[in-house]
Amino acid sequence: MPATRSCAQQVLASVPLLMREIRAAMRRAAPEGLTVPQFRALIFAQRQPGGSVGDLAAHLGVTLPTASVAVAGLAQRGLLSVQVDAGDKRRKRLALTPAGTAVVDAAWAQTEADFSHRLAGLPASQMNSLRDALALLSTSLSTSA
């Protein structure tokens with residue numbers, strides 16, 4: 001198991017750095033006047049359509065009132081729609097509006113361009129190896145969950 005352990009150590013050492021870089025690039029790409037929690041709320045709504053405000057609060061690591069304030073601000077800006085859950089009137093479901101989708105898509109495209117630029121110096125063989133390794137990691141994690 002030494003190879004497995006070494007691989008796990010490399011993943012655990014690399015992923016936090018990678019996530020820090022992704023978050024920084026996404027923050028740079030976020031529109032002016034949008035707070036980081038609001039932007040993260042938009043990304044959450046894109047990845048978890050129909051997620052609740054409570055789910056968002058757990059995702060952000062904040063209280064329900066704090067998440068509610070972020071949601072209200074995004075709804076007021078026309079970036080997020082909030083619907084009352086038909087099965088539980090106390091629960092609110094979140095969805096991106098077309099404007100919210102445009103904001104997230106533009107930030108994602110800018111982040112992708114940023115990472116493409118940063119990876120451009122790698123030889124094609126290393127880029128292919130990296131892409132294949134990340135695909136293997138994704139497959140391994142999704143099948144073991």
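**Helix packing, a salt bridge and a surface patch**

Modeller: In this predicted model, helix H2 (residues 36–47) and H5 pack with their axes 10 Å apart, at an angle of about 100°. Helices here are DSSP runs (H or I, at least four residues), numbered from the N terminus, and axes are lines fitted to C-alpha atoms over the stretch in contact, with angles running from 0 to 180 degrees between N-to-C directions.

Biologist: How are H2 and H5 set relative to each other, then, parallel or perpendicular?

Modeller: H2 and H5 are therefore roughly perpendicular to each other, a label used for angles of 65 to 115 degrees, whereas under 35 counts as roughly parallel, over 145 as roughly antiparallel and the rest as oblique.

Biologist: Which residues in H2 and H5 meet?

Modeller: Phe39, Leu42, Ile43, Gln46 and Arg47 in H2 meet Val103, Val104, Asp105, Ala107 and Trp108 in H5, where contact means heavy atoms within 4.5 Å. The residues of this H2 and H5 contact divide into seven nonpolar, one polar and two charged; Ala, Val, Leu, Ile, Met, Phe, Trp, Tyr, Cys and Pro count as nonpolar, Asp, Glu, Lys and Arg as charged, and the others, Gly among them, as polar.

Biologist: What about H3 and H4, at what angle do they cross?

Modeller: The axes of helix H3 (residues 53–60) and helix H4 (residues 64–76) cross at roughly 105° and come within 8 Å, which makes H3 roughly perpendicular to H4. Val53, Gly54, Leu56 and Ala57 in H3 meet Leu64, Ala67, Ser68 and Val71 in H4, and the residues of that contact divide into six nonpolar, two polar and no charged.

Biologist: Changing topic, how many salt bridges are there in the whole structure?

Modeller: A search of the whole structure finds three, taking a salt bridge as a side-chain nitrogen of Lys or Arg within 4 Å of a carboxyl oxygen of Asp or Glu. One of them joins the side chains of arginine 118 and glutamate 21 (2.8 Å, N to O). Arginine 118 lies in helix H5 (residues 98–119) and glutamate 21 in helix H1 (residues 2–29), so the pair ties together parts that are 97 residues apart in sequence.

Biologist: And which residues form the nonpolar patch on the surface?

Modeller: Leu119, Met127, Leu130 and Leu134 form that patch, with about 290 Å² of accessible area together, computed by the Shrake-Rupley method with a 1.4 Å probe, and for residues only the protein chains shown count as cover. Patch residues have over 30% relative accessible area and no salt bridge, with nonpolar side chains (Val, Leu, Ile, Met, Phe, Trp, Tyr) joined within 5 Å and like charges within 9 Å.

Biologist: Which helix gives the most to the nonpolar patch?

Modeller: Helix H6 (residues 124–144) does, with three residues, and leucine 130 is found in H6.

Biologist: What cut-offs and numbering apply?

Modeller: Residues are numbered from 1 along each chain as its sequence is written, and side-chain values use heavy atoms, with hydrogens and water left out. Local features need pLDDT of at least 70 and side-chain atom pairs count only at pLDDT 80 or more, while totals for chains, interfaces and linings use all residues.

Note on methods: Helices (H or I, at least four residues) and strands (E, at least two) are DSSP runs, numbered from the N terminus.
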